[in-house]
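Let's take a friendly tour of one protein chain. Have a look at the sequence and the 3D view, and then we will go through some points together.

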Amino acid sequence: GGGSAMAPAEEPQPSTVPSCPLPGKICDVSRSERPRSCCGMAMAGFRTAKYQLPEWHRRNAGIYYKAFAVSEEAERGRTEAKHLVKHAAASAQRAQEHSKTTLGQRLQDIHFWRVELQKEIMELDAETNLLAAQKLRLERALDATEVPYTVVIDNLECRERRQPPDLVIDEVERQLLKEADLIRDIRDLLKRTIIQATTQIRSNRIQKENCELDWSDKVETYHIDDKCVSYCNDSTNVQFHPSSVKFEENASTPKSWAQFSHDNISSAEQEKLASVQLRSLINNIIHDASEDLRMQRAAVNEAFDNHCRMLDDAKLRLEQHLEKILKDIGDEEANIVALKKAIREKEAHLKVAHTRLFDRSFRPNIELCRDEPQFRLVSEVEELTVFLEALKRKLMESEQNLKNLEETRMKLEKEIAVKSNSIFIDRQKCLSHRVRYPVDLEVASYK
């Protein structure tokens, strides 16, 4: 390269080297190796431009050696390259297959949890629907208690209209008050249970939503990983994404990932179990309430029947007494008439006796004799007077008796009217009203 810059007349410089750099020991020939010139300084101009023969041979040998070494090096490089290509191909293929296998396993994991979540969602949904149906039964049962309650209150109000002698705190009243309290308690219990069911339904829906969100994430992830499995070297839609070769800060671990779905399913299971227990409880509540109400209604009706029977007996006895009193009044009136007639007759006798005595008092002088007729007449008057007094006393007594009988009759009639009123209230107003209300809450809860 350096000689080309000089004039062509001159000899080539000894420093000329091939364009490919050679090892230092060949290129830089040290001055001391050159043979000493015998001609001294006079020949210096010629010496500088020339090599010695051994030097030339050495240089050629160096070039051959270098070419051989370079060739050998290149061949070794090619062999290594071939090995590397082969190794890289096998390794890349292995890595891709391994990645594909792990993706496939991951798909199985995702599929497992997805199926589990889907099953849980469907079960929880079905359970929520069943609980909602139970809640509806509670509401219907609560509605069904309204009529019995108004009937009981109406019964109690009606019985307030009984007349004073019959306005007693009897067994019927006690049972009615017990029934009113029972219905109030049942209504409170049903209301509380409805609130409980509403809360449980809300909890079920929240858990179902959590599972649904998890499930939809799993479905999306399944599609992504499924797409990833399908990629191969020939795929047209693959490209470089250097920025994605990193772990996300907020990424989950396989353990926390599985735990998340496990916890969701576990929570859903707990809610489902609570829901099942609540449904069973609701069944029992409705059944027990219906049973209690039915038994209490039977007790009230029995008390009513007994009381009505007692009233009927009392009224019958009063009517029998009244019948007797009416007969006694008739007899007493006839007796009074007879007494008055007897008095009138005795008075007529007395008038005759008096008139006889009066007329005989006009007998003149000695004729005014206390003879037998006079004695007889006096004793007759005395006798008649005693009888009359006795009859008049008896008449007064009879009139007083008649008055007493009349008062008793009025009392009995009033008492019978009170009993009739009580019977009317208990039988017509209360019992006939009670027949109408539905007693079976359990049946009512399905309507």
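In this predicted model, Trp 113 touches Lys 218, Trp 257, Ala 258, Ser 261, His 262 and Ile 265, leaving aside residues up to four places away in sequence. Trp 113 itself sits in helix α3, which covers residues 53–144.

**Around Trp 113**
- Is Trp 113 buried or exposed? Trp 113 is buried, because its relative accessible area is 14%, and the cut-off for buried is under 20%.

**The chain as a whole**
- The chain holds eight helices and zero strands, so if you follow the sequence you will read the pattern α-α-α-α-α-α-α-α.
- The chain has 447 residues, and 28% of them count as buried.
- Its accessible surface comes to about 30600 Å², with 58% of that belonging to carbon and sulfur atoms.

**Cysteines**
- How many disulfides does a search of the whole structure find? The search finds zero.
- Cys 430 is in no disulfide, because the nearest cysteine sulfur, that of Cys 158, is 5.0 Å away, while a disulfide needs the two sulfur atoms within 2.5 Å.
- Cys 430 is buried, with a relative accessible area of 0%.
- Cys 211 is buried, and its relative accessible area is 0%.

Key:
Residues are numbered from 1 along each chain as its sequence is written. This is a predicted model: local features need pLDDT of at least 70, side-chain atom pairs count only at pLDDT 80 or more; totals for chains, interfaces and linings use all residues. Side-chain values use heavy atoms; hydrogens and water are left out. Buried means under 20% relative accessible area, exposed over 50%, partly exposed in between (1.4 Å probe, protein chains only). Helices (H or I, at least four residues) and strands (E, at least two) are DSSP runs, numbered from the N terminus. Contact means heavy atoms within 4.5 Å. Accessible areas come from the Shrake-Rupley method with a 1.4 Å probe; for residues, only the protein chains shown count as cover.
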